[in-house]
Amino acid sequence: MAGSKMQLELSRVVQGKSRLGVLKGLGRTGRHSLEVPGCLLYTRFGTVPHLTQDTLHTMSSLPSVSQVTLSNIAEHQEVLEEFKDGFRRFAGLHDTVLYCSLHDPAALCPTGYTTNKTVSVWGSGGRIELTVAKFMALQKTVQPDWYQSMADGETWQNNTSRKRVRKSVDRTLAHLDECLLLHQKSQELEGVEVFGVVEGGDILEERLRSARETAKRPVAGFCLDGLQSGSMDQTLRTQLITALTKELPEDKPRLLQGVGRPDEVLACVEAGVDLFESFFPFQVTERGCALCFSFDISPDPERAGRAPPAVLELNEENKAVGETQQNGDRNRDDQTQMTSFEIDLKDKRYQDDFRPLVEGCGCYCCKNHQRAYLHHLLVTNELLAGVLLMIHNTTHYYGFFSVLREALASDKLDLLKRRVLGDGGWQTGRKE
Ligand SMILES: [Zn+2]
């Protein structure tokens, strides 16, 4: 494909699966890069929810790639066409690589609306049906650097029949071929990268077929769809990903859709995933919670700032939450439920808690405010609550990814897993 520049340079592959490296040559100029394992910047219509561009750019280690979704954009097609200058300029985004996906990972997508020729996305004004022609017309209007090909991903529910799963793989491949054909004819999309979508529900042979066939096409990378949180348990997800990534070329990135919980991220990296969508800190913010899990792998107690004393309390507090989640009947609604990686600041116990959200956290919120103040903002429905929580939660989450890469580089993945999963391992080496 003309102008294809995206390049994955792997510096390490741990135990044949966990990959450490850099995705280079991103953007139209090819100047941008993204470290893997890593995540994309989650946005709604180009904006990180709650944060202005000014606030956003005060934060460190922001991903260089912003994700926008057609579910947010499709209903504004006419305005964008009139604007003519692409979504990046329309939304006032400057120096970012733009990746366009089909669905918003943080929003529930109703099923039962795909046909052989169409898929549906849901915006604020309701359902919009997309044919490949409309999908590609949208891409030309958005002018992303990189987009996900159209896909029939309605097979994540665990009662989906084998016949339906097979149909979704066939349709997704047909959509991909059509997208590629239109892409190659389009001048506007010259140099833009396409990711093929791997479907196959929970059926191994369909997953393998989907991966094998997609890999034969001229795609820059792969989106792994239908494996999102709530659709299946982690053991099955790991088995499927481990098997299907063997069918994919080593030198192209794999982006897993709809998985964001730290424990699931770790397991999926171990199965061979490179990239994630970072909608999780946004969901945590929306429920009035703060991410507090520990990911400190430093042997140096001086750097223990990363491992907040709060974590001890967190693990005790949330034991019950974790248990319910593991045993409960998992469905997609789980995504809105509190996880064991966060604390609920609306809880009365925080009304006179004058500690920062996480001791030692360098974010604006933790440097300037205490839990008691956040509690107050939340119970009085102040908009600032969302702003401060989003600053902390995204900082904490991106910090976790950077330590994850550090752990892969220094053979400390097991230590990191113990920290994140909170089996008490975090106590060692932290004694005063
Ligand atoms: Zn913080």
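1. Helices here are DSSP runs of H or I with at least four residues, strands are E runs of at least two, and both are numbered from the N terminus. Bear in mind that this is a predicted model, where local features need pLDDT of at least 70, side-chain atom pairs count only at pLDDT 80 or more, and totals for chains, interfaces and linings use all residues. Residue numbers start from 1 along each chain as its sequence is written.

2. H14 itself covers residues 371-379, and its buried residues are Arg371, Tyr373, Leu374, His375, Leu377 and Leu378. (Buried takes 20 or more other C-beta atoms within 10 Å of the residue's own, with C-beta atoms placed from the backbone.) Their packing partner is helix H15, 383-409.

3. Now for H7 (residues 204-216) and H8 (residues 234-245): their axes come within 9 Å and cross at roughly 35°. Axes are lines fitted to C-alpha atoms over the stretch in contact, with angles from 0 to 180 degrees between N-to-C directions. On the H7 side, Leu204, Arg207, Leu208 and Ala211 make the contact, and H8 brings Leu240, Ala243 and Leu244. Contact means C-beta atoms, placed from the backbone, within 7 Å. By class, that is six nonpolar residues, no polar and one charged, counting Ala, Val, Leu, Ile, Met, Phe, Trp, Tyr, Cys and Pro as nonpolar, Asp, Glu, Lys and Arg as charged, and the others, Gly among them, as polar.

4. Stepping back, the protein has 16 helices and 15 strands. Of its 432 residues, 49% count as buried. Among contacts with a separation of 6 or more, 71% join residues 24 or more positions apart.

Terms used:
A residue is buried if 20 or more other C-beta atoms lie within 10 Å of its own, exposed if 12 or fewer, and partly exposed in between; C-beta atoms are placed from the backbone. Two residues are in contact if their C-beta atoms, placed from the backbone, lie within 7 Å.
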